[in-house]
Amino acid sequence: METQAPGNYSPPKQDGRSAQDQAIENWLPINASRNAKWWYSAFHNVTAMVGAGVLGLPYAMSELGWGAGVTVLVLSWIITLYTLWQMVEMHEMVPGRRFDRYHELGQYAFGEKLGLWIVVPQQLIVEVGVNIVYMVTGGNSLKKFHDTVCEDCKKIKLTYFIMIFASVHFVLSQLPNFNSISGVSLAAAVMSLSYSTIAWGASVDKGKVENVDYDLRATTTPGKVFGFLGALGTVAFAYAGHNVVLEIQATIPSTPEKPSKKPMWRGVVVAYIVVAVCYFPVSLVGYWAFGNTVDDDILITLSKPKWLIALANMMVVIHVIGSYQIYAMPVFDMIETVLVKRLRFPPGLTLRLIARTVYVAFTMFVAITFPFFDGLLSFFGGFAFAPTTYFLPCIMWLAIYKPKRFSLSWFTNWICIVLGVLLMVLAPIGGLRNIILKANTYKFYQ
């Protein structure tokens, strides 16, 4: 007997659909292909999670200090691995059904309308926010590559580099679904491991700077407090893969004998080992070498050897190209679902070409207008990533499974919820202050 969802929500069954509805469902990006292997999930998750945010972690350490910095990094790794496990488990908890999208799971947990309103705005803020930040990151890294390789060349505006970066996405965004971008995602995952290794390896080679200082970066009390809060947001941004995890799992085949959660979990564990190998050495070695003089992007601090820093910046560009596509795919799915199912546009190449081109152009325009990189990281990190990554999976777990009060599962989930809510409330404050300070000196379209 099937479990009835709270809020009387019952996702439509495959066999209850008309042939036309089924054809539309199969055309949409998330459901189009279900033949992925477990290693697809590994590199998709690495690409989604290990963003360019890793290069800002030593800076976050300089605002947190050794004790708080290591505690926040380790706690975040443990909590987000636990909530990711919950998402993987909940994907097929109702026999014969799969929750292929984050909002479908939300609708099952909270009811059809409420679930949609709780999940979709947050998921959109995260995914569109990441795409905008990655536009800025891609443009910045291209500019750094150009300026490193050709110091005597004429300086080119950041705006143009963001436009060059966006031009790649006007093409790549036409790839129909997750499996079709697996090659891009694999290249991105390899690049993330490579530039992380360059970042900490070059720091070890350079060694401790003279008179290295591990006191907090800020000197005033308000500066220390706001810096601390902003750093929490930067760390939250670094663990942000949950927003696409169900959509990634949807690409893996599943039968009652071989449910998708087994290969998916294997991929997640491999991804999290790679995450640890990237994050912890970069954070700790970068802070150890430069103390509170480290820049918000450690590659800027590591100005030599030039060829290596240029290479690392180009690796960031390739990685961010893959990450942008991973986060854009669920947005494309939402846009195309509304256009085809609600507005009754005929599905096809023309619709996909126009819709996706408009979306890429929108993220490019916003990135060109507001390129405050580190401020954006901590603001989005706290405001949007904390709910969808740290505590929304726990709330869904409590709503659906209803663990016994004061049991280990109950306590674990509530601890995650409390820590996640604190992060959501506190982190954006530091990020917003950073944006305001940068905005005072910023000229539009510089």
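How many disulfides does the structure hold, if a disulfide is a pair of cysteine sulfur atoms within 2.5 Å? By this rule the count comes to 1 disulfide. Before we look at it, a word on the ground rules: this is a predicted model, in which local features need pLDDT of at least 70 and side-chain atom pairs count only at pLDDT 80 or more, while totals for chains, interfaces and linings use all residues. Residues are numbered from 1 along each chain as its sequence is written, and side-chain values use heavy atoms, with hydrogens and water left out.

The disulfide links cysteine 150 and cysteine 153, with an S to S distance of 1.4 Å. The link is right-handed, with 60° about the S-S bond. To describe how open a residue is, we call it buried under 20% relative accessible area, exposed over 50% and partly exposed in between, using a 1.4 Å probe and protein chains only. Cysteine 150 is partly exposed because its relative accessibility is 24%, and cysteine 153 is partly exposed too, at 28%. Other cysteines sit elsewhere on that scale. Cysteine 278 is buried, at 0% relative accessibility, and cysteine 394 is also buried, at 0%.

Let us move to the helices, which are DSSP runs of H or I with at least four residues, numbered from the N terminus (strands are E runs of at least two). Helix H12 covers residues 306-342, 37 residues in total. From first C-alpha to last, H12 reaches 53 Å, close to the 54 Å expected at 1.5 Å a residue; the expected span is 1.5 Å times one less than the number of residues. H12 does have a kink of about 30° at alanine 328, shortly before proline 330. Here the bend at a residue is the angle between axes fitted to the seven residues ending there and the seven starting there. Of the 37 residues in H12, 27 are buried, so the helix is largely enclosed by the rest of the structure. After H12 comes arginine 344, whose phi is positive, near 60°.

A kink of about 120° in H3 is centred on glycine 65. Tyrosine 214 lies in the loop between helix H7 (182-206) and helix H8 (221-238), and at 24% relative accessibility it is partly exposed.

Now for the charges. Side chains of opposite charge can pair when their charged atoms come close. Counting a salt bridge as a side-chain nitrogen of Lys or Arg within 4 Å of a carboxyl oxygen of Asp or Glu, the structure holds 8. One of them joins lysine 143 and aspartate 147, with the closest N and O atoms 3.2 Å apart. Both of these residues are buried. Lysine 143 and aspartate 147 are 4 residues apart in helix H5 (residues 112-149), which means that about one helical turn separates them. An α-helix has 3.6 residues a turn, so residues three or four places apart point the same way.

A second salt bridge pairs glutamate 151 with lysine 306 (2.7 Å, N to O). Glutamate 151 sits in the loop between H5 and helix H6 (158-172) and lysine 306 in helix H12, so this pair ties together parts that are 155 residues apart in sequence. Glutamate 151 is partly exposed, with a relative accessible area of 48%, and lysine 306 is partly exposed at 36%. Salt bridges that share partners also join Arg101, Glu104 and Asp333 into one network. Glutamate 104 is buried at 15% relative accessibility, and arginine 101 is buried at 5%.

Finally, turn to helix H15 (residues 408-441), which gives the most to a nonpolar patch, with 10 residues. Tryptophan 414 lies in H15 and is partly exposed, with a relative accessible area of 38%.

Key. A disulfide is a pair of cysteine sulfur atoms within 2.5 Å.
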